[in-house]
Amino acid sequence: MKDNIKESDLITSIRGFNRFYTNILGLLNKGVLHSDYSLTEARVLYEIGKQDHCKAKSLSSLLEIDKSYLSRILNRFEASGLIQREPSSRDNRSSNIRMTEQGHQLLNQLEEESYRQIEKMIEPIEDDAKNQIVESMAVIRKYLTIATADLALRKFESEDIDYIIARQLSLYKTERGFDSDTWNRYLIDGVRSFTDNFNAEKESIFILEYQGEHAGCIAVKDDGSHVAQLRYFFLEPEVRGLGAGKKLLDHALDYCREKDYHHVFLWTVSAQKTARHLYEKHGFVITETRASNEWGTEVLEERWDTDL
C-alpha cells in the first residue's frame, strides 16, 4: 500500500505542473495559431462566441483582463467586423456584445488550426503513451473540478439559441469534419424549427453551465404517441470526462419520465465513442444504421432506442 502523499508535496507538484503546462501553452500559442491575433484576443473571441450577448464587464472579470486593454481589443474586433455592440435595454451606460457571422468564421478557423497544431505536436508520441496522457488529464480534470465543483443545469432561454447552433457547427467541424452546406443548413434549420415551434408542455432544452458559462446542451423533442427524441446533445471540451454528460442525460431522461414518455430514441454517429458508451449504460440499444457522406465526411449514422 502506498503512503498518503503529504499535502505540501502535492501543492509543490501542482505548482510545478502549472509552470510546465503554462510553458507548453506558450509554445502552442506562439505567433497565435499563425494568425494576426494574440492569445488574449483569441480567448476574448472564444468567450464572446460562447454567448449570444455579453458585456465588457463580465469579460474583463472572467478573463482577468484590464478594462482599458479589453476596450482596445473590442474596438479592434468591431472595426474588423467580428463583433457588433448594441445599447443595453436595461442599462444605457453599457452595451451588449454580439459576434457576427464573420467573427464565427474566424473563431472556427482558429479552433481548427489549434486542433491541427496539437495533432502535429503529439504525432511522435507512441499510442500507449497517448492513452496515458488522455487518462492522466481526465484524472486531473475530474478531481480538481470536484474540488471546485460548479456545474449547473437550467432551462434554455431565447438568448441561448445562437450558442446552441454556433458551438455545434464549430465542434462538429473541428472534431468530426462536418463542414458541408447540407450539414450546416440541417443543423441551423433544425434548431430554428424546433425552437420556433416549441411545446413547453412536452419539450425542453437544458443548458449546462460551468462556472457560470455555457458548457453544453441536450434537448427533448416530442415525437408523438408518448415517444421522445433526444437532440443537440454536446459538451464543451473543458467539461468532458467530469460526469457532465451523465448529468445532462440523466436529467433529460428524468424529464421524459415526468412527461409520461414511454420510449426515447436518438441519432448519433459511430465515431462518437464516448457518447455511445454512455447510451449503452443507460439502456439504449442500436436499432438502425445507415452510411452517409452528406455531412462533409463519410459516417455511419446510428439510431439508439430505449423504453422507460
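## Basis of the description

Two strands are taken to pair if DSSP finds at least two bridges between them. Helices (H or I, at least four residues) and strands (E, at least two) are DSSP runs, numbered from the N terminus. The model is predicted, so local features need pLDDT of at least 70 and side-chain atom pairs count only at pLDDT 80 or more, whereas totals for chains, interfaces and linings use all residues. Residues are numbered from 1 along each chain as its sequence is written, and side-chain values use heavy atoms, with hydrogens and water left out.

## The sheet

Seven strands make up an open sheet of mixed pairing, in the order β3-β4-β5-β6-β7-β9-β8. Its edges are β3 (151-155) and β8 (285-292), each of which pairs on one side only. On average, neighbouring strands of this sheet are turned by 20 degrees against each other, direction ignored. Helix α9 (residues 244-258) packs on the sheet and touches β3, β4 (204-210), β5, β6 and β7 (263-269); contact here means heavy atoms within 4.5 Å. The direction of α9 makes about 160 degrees with that of β6, where axes are lines fitted to C-alpha atoms, for helices over the stretch in contact, and angles run from 0 to 180 degrees between N-to-C directions.

Strands of a sheet pair through backbone hydrogen bonds, either parallel or antiparallel. Strand β5 (residues 213-222) runs antiparallel to strand β6 (residues 227-235), and six bridges join them. In β6, alanine 228 stands opposite aspartate 222. By contrast, β6 and β7 pair in the parallel sense, over four bridges. Here the bridge partner of valine 227 is histidine 263 in β7.

Buried means under 20% relative accessible area, exposed means over 50%, and partly exposed lies in between (1.4 Å probe, protein chains only).

Phenylalanine 265 is found in β7 and is buried, with a relative accessible area of 6%. Leaving aside neighbours within four places in sequence, its contacts are Asp223, Val227, Ala228, Gln229, Leu230, Phe284, Arg303, Trp304 and Asp305. Phenylalanine 265 and phenylalanine 284 are 19 residues apart in sequence, and their C-alpha atoms are 8.0 Å apart in space.

## Nonpolar cores

In soluble globular proteins, nonpolar side chains tend to be buried together. A nonpolar core is a set of buried Ala, Val, Leu, Ile, Met, Phe, Trp, Tyr and Cys residues joined through side-chain atoms within 4.5 Å. The largest such core has 27 residues, and those with the most contacts inside it are Ile218, Val220, Leu230, Val239, Leu249, Tyr279 and Phe284. Two or more residues come from each of β4, β5, β6, α9, β7 and α10 (273-281). Helix α9 gives the largest share, seven residues.

Leucine 249 touches Ile218, Leu230, Phe233, Leu278, Tyr279 and His282, not counting residues up to four places away in sequence. A second, separate core has 22 residues, including Phe156, Ile164, Phe178 and Val269.

## Helices α5 and α7

Two packed helices are described by the angle between their axes and the distance between the axes. Helix α5 (residues 101-122) and helix α7 (residues 161-176) pack at about 30 degrees, with axes 10 Å apart. The two helices are therefore roughly parallel to each other, a term for angles under 35 degrees. The contact involves His104, Asn108, Glu111, Glu112, Tyr115 and Arg116 of α5, together with Ala166, Arg167, Ser170, Lys173 and Thr174 of α7.

Leucine 107 is also placed in α5; at 4% relative accessibility, leucine 107 counts as buried. Beyond its neighbours within four places in sequence, leucine 107 is in contact with Leu45, Tyr46, Gly49 and Met99. Leucine 107 and alanine 42 are 65 residues apart in sequence and 7.9 Å apart in space, C-alpha to C-alpha.

## Positive phi angles

Most residues other than glycine have a negative phi, and most peptide bonds are trans. Histidine 226, although not a glycine, has a positive phi of about 65 degrees. This histidine 226 is in the loop between β5 and β6 and is partly exposed, with a relative accessible area of 37%.

Tyrosine 232, which is not a glycine either, has a positive phi of about 55 degrees. Tyrosine 232 lies in strand β6 and counts as buried at 9% relative accessibility.

Notes
Angles under 35 degrees count as roughly parallel, over 145 as roughly antiparallel, 65 to 115 as roughly perpendicular and the rest as oblique.
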